[in-house]
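Grab a pencil and work through these exercises with the structure in view. Try each task yourself before you read its solution.

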Amino acid sequence: MTRTSERSVPGTADKVAGPSADPVRRVRHRDHTTPPWIFVVPALAVYGVVVLYPSLAGVMYAFTDWSGIGGFSFIGLDNFRTLLDDSRALESVSNTLLLTIAVVVVQNGVGLLLALGVHTNIRSRALLRLIFFAPAVVSPVMVAIL
């Protein structure tokens, strides 16, 4: 003959008795993790107001005859036809592209040469490091002293 004993398994008394049995032990455990999109929403709102809205408004106004004050009407590609027929406008666009290409090439080339000068083993390496890194070090130190 087998005897059955009524042993309680540790930790099951609370579950069997229910939540109202021991009010001290009844603690709700909530998941305190914040959804990641909550941190992204403010940045996206600012981006939308500062970048997206003006960009989309500019695209919309490019196809209208709006003067900046009052109402506007849709005229399609007439603004672009007028722009392509104007020789001064085309000269302005070509000058802008030429200047942009020159500045990008020159700035990147000079920056690359200076970075190589700081990194390679040349005599003026210490002087170049002093010239380039001193302002980055001196400014925070002066602010801290003041």
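**Exercise 1. Find the residues that F63 touches, leaving out those up to four places away in sequence.**

Solution. Keep in mind that this is a predicted model.
- Step 1: With those sequence neighbours left out, F63 touches S73, F74, I75, G76, L77, N79 and F80.
- Step 2: Now place F63 itself, which sits in the loop between α2 (37–62) and α3 (78–85).

**Exercise 2. Is F63 buried, partly exposed or exposed?**

Solution. 
- Step 1: Look up the relative accessible area of F63, which is 27%.
- Step 2: Compare with the cut-offs: buried means under 20%, and exposed means over 50%.
- Step 3: With 27%, F63 therefore counts as partly exposed.

**Exercise 3. Describe how α4 and α5 cross.**

Solution. 
- Step 1: Two packed helices are described by the angle and the distance between their axes.
- Step 2: The axes of α4 (residues 87–119) and α5 (residues 125–145) come within 8 Å and cross at roughly 120°. That angle makes α4 oblique to α5.
- Step 3: List who meets whom. From α4 come L114, G117, V118 and H119, and they meet R125, L128, R129, F132 and F133 of α5. Sorted by class, this contact has five nonpolar, two polar and two charged residues.

**Exercise 4. What are the secondary structure elements of the protein?**

Solution. 
- Step 1: Count them, and you get five helices and zero strands.
- Step 2: Read from the N terminus, and the order is α-α-α-α-α.

Key. Residues are numbered from 1 along each chain as its sequence is written. This is a predicted model: local features need pLDDT of at least 70, side-chain atom pairs count only at pLDDT 80 or more; totals for chains, interfaces and linings use all residues. Side-chain values use heavy atoms; hydrogens and water are left out. Axes are lines fitted to C-alpha atoms, for helices over the stretch in contact, and angles run from 0 to 180 degrees between N-to-C directions. Helices (H or I, at least four residues) and strands (E, at least two) are DSSP runs, numbered from the N terminus. Angles under 35 degrees count as roughly parallel, over 145 as roughly antiparallel, 65 to 115 as roughly perpendicular and the rest as oblique. Contact means heavy atoms within 4.5 Å. Ala, Val, Leu, Ile, Met, Phe, Trp, Tyr, Cys and Pro count as nonpolar, Asp, Glu, Lys and Arg as charged, and the others, Gly among them, as polar. Buried means under 20% relative accessible area, exposed over 50%, partly exposed in between (1.4 Å probe, protein chains only).
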